[in-house]
Amino acid sequence: MFRTQYDSDISIYSPEGRLYQIEYAMQAVAQGSTALGLKSKTHAVVVTLMRSSDELSSHQRKIFKVDGHMGIAISGLTADARVLLKFMRNETLHHKFVYGSNLPTGEVVSSLAMKSQRNTQRWGRRPYGVGLLVIGYDGDKTHLYQTSPSGNCFSYYAQAIGSRSQSARTYLEKNFKAFPELGLEELVLHGVKALKESSGKETLTKLNVGIAVVGKEQKFEILKPNKVQTYLDQILQTEGEIEIENENENEKDEEAETLELKLD
Amino acid sequence: MQPKKKTLRPIVTGSSVLGIKYKDGVILASDTLGSYGSLARFRDIRRIVPITKHTVIGGTGEFSDFQEITKILRQKIIENQELVESGKEEDELLPSEIHSYLSRVLYGRRNKFNPLWNDVVVAGFEKGKVHMGTVDLWGSYFEDDIIATGYGTYFALPLMRKAYKKDMERDKALEVLRDCLTVLFYRDCRTINRYVFAEITKEGVNITDPVEIETKWEIADWQEGKL
């Protein structure tokens with residue numbers, strides 16, 4: 001994308017009918033580190049890669065609880081995410097106070113979409129530079145939604161956002177048909193494997209991988225680092241097994257060669 | 001000086017509403033009278049009304065406020081239908097949610113010293129079970145298996161408590177209600193002998209047309225051979 005004369009204000013359309021400011025805001029989301037979500041019939045999971053700006057600082061948290069049955073993973077401007085998070089927490093709390101029940105995920109996401117759209121059509125405001133993956137469990141169903149600065153929101157079986165998310169998305173596209181019937185453990189494993197696809201040169205550790213789950217008889221919970229490590233171990237173990245198999249095959253080839261020589 | 005624009009005292013009033021849970025659901029009952037003080041003025045009003053396919057409310061007290069509550073709740077249902085994504089009926093507001101919402105409304109009004117002068121029974125079917133409870137003009141909320149408002153709390157509740165058994169049969173539940181309604185007709189001066197029953201099961205709501213219940217008014221002393 002290059003600068004054009006139609007991108008200086010949110011209220012200016014380009015001749016092709018695009019609003020560049022919104023697209024630039026979506027770029028901000030694409031610059032954030034990877035966050036992905038996936039769901040089965042009973043559980044919904046988000047997995048994130050947490051960046052740290054340097055060795056001395058802590059890793060930037062990307063997963064937040066909204067209510068007992070709902071949470072979000074963010075990608076983009078963290079400060080903007082905090083504003084939307086506060087809004088969602090307020091909506092869910094208000095609903096609980098008035099109706100005595102959990103606010104359905106779809107309803108809060110709709111409100112969020114309306115709120116985001118307002119900022120694309122108002123003087124002096126800018127779009128929120130953050131994309132959310134919202135997971136929730138209500139009405140005996142799991143939910144996964146993506147919201148974006150444009151105000152669009154969609155429901156997904158699985159989705160990844162942020163930098164290098166395409167690799168994760170490819171993995172999810174290959175495997176999502178199996179997700180509905182999976183148990184929680186296998187679902188999380190798929191999520192971590194998908195994250196590995198987009199991790200690039202960064203090694204996944206219990207400090208920079210965030211996992212959260214929600215579902216039937218499972219309140220929204222951000223997994224502790226030690227629990228995260230168990231999933232990472234399982235991924236490494238599978239890879240290690242493949243490596244050992246490859247080594248054994250190589251050894252067999254060497255043995256065969258020396259035998260032949262001996263015969264000679 | 002501005003005139004007072006808040007509730008001062010109830011003018012057209014409804015008497016008791018009774019409710020009892022049974023094996024397959026819940027039955028509410030009330031008479032069809034709107035009293036104007038001691039005058040039995042409006043003799044065919046409905047003090048038990050449906051709100052959704054699975055919820056009814058019944059009202060004691062100021063009848064105009066009950067009509068207002070009906071309007072408020074039905075409007076809320078419509079608003080909620082627009083929010084709910086699926087458009088499916090089972091995703092509309094549950095009886096317990098309606099009950100909770102109403103208690104917030106009534107409590108808010110009482111805090112402004114402008115109450116909706118009612119004692120409302122909310123009953124319905126959700127998630128395979130019955131929900132029944134009451135909210136009053138002060139915003140007090142509670143749930144129970146047997147409910148009575150107005151004079152019913154004094155005359156009917158003790159009788160219902162004695163007769164109530166968990167998962168009782170439908171006929172037994174109706175018998176208890178008819179008995180209590182009869183006692184109320186004898187003892188409560190602001191009642192008439194014309195009743196409506198509302199039954200809620202998992203199939204939905206069924207409100208009967210008005211019926212009469214037999215009562216005896218002979219003076220025992222003046223009967224042959226009785227004393």
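Trainee: Does A:Tyr99 count as buried or exposed?
Mentor: This is a predicted model, in which local features need pLDDT of at least 70 and side-chain atom pairs pLDDT 80 or more, while totals for chains, interfaces and linings use all residues. Residues are numbered from 1 along each chain as its sequence is written, chains are lettered from A and ligands numbered from 1 in the order written, and side-chain values use heavy atoms, without hydrogens or water. Buried means under 20% relative accessible area, exposed over 50%, and partly exposed in between, with a 1.4 Å probe and protein chains only. The relative accessibility of A:Tyr99 is 11%, so this residue counts as buried.

Trainee: How many aromatic pairs are there over all chains, and which residue pairs with A:Tyr99?
Mentor: Rings of Phe, Tyr and Trp (its six-membered ring) pair if their centres lie within 6.5 Å, with planes under 30 degrees apart called stacked, over 60 edge-to-face and the rest tilted; the count over all chains is eight. One of them is stacked, at 5.6 Å centre to centre and 10 degrees between the planes, and joins A:Tyr99 to B:Tyr101.

Trainee: Which helix of chain B holds B:Tyr101?
Mentor: Helices are DSSP runs of H or I with at least four residues, and strands runs of E with at least two, numbered from the N terminus. B:Tyr101 is itself buried, with a relative accessible area of 15%. The pair crosses between chains, from helix H2 (residues 78-99) of chain A to, in chain B, helix H2 (residues 95-111).

Trainee: Which residues of chain B do ring pairs link into a cluster?
Mentor: The secondary structure of chain B comprises four helices and 13 strands. Within this chain, the cluster linked by ring pairs consists of B:Tyr151, B:Tyr154 and B:Phe155.
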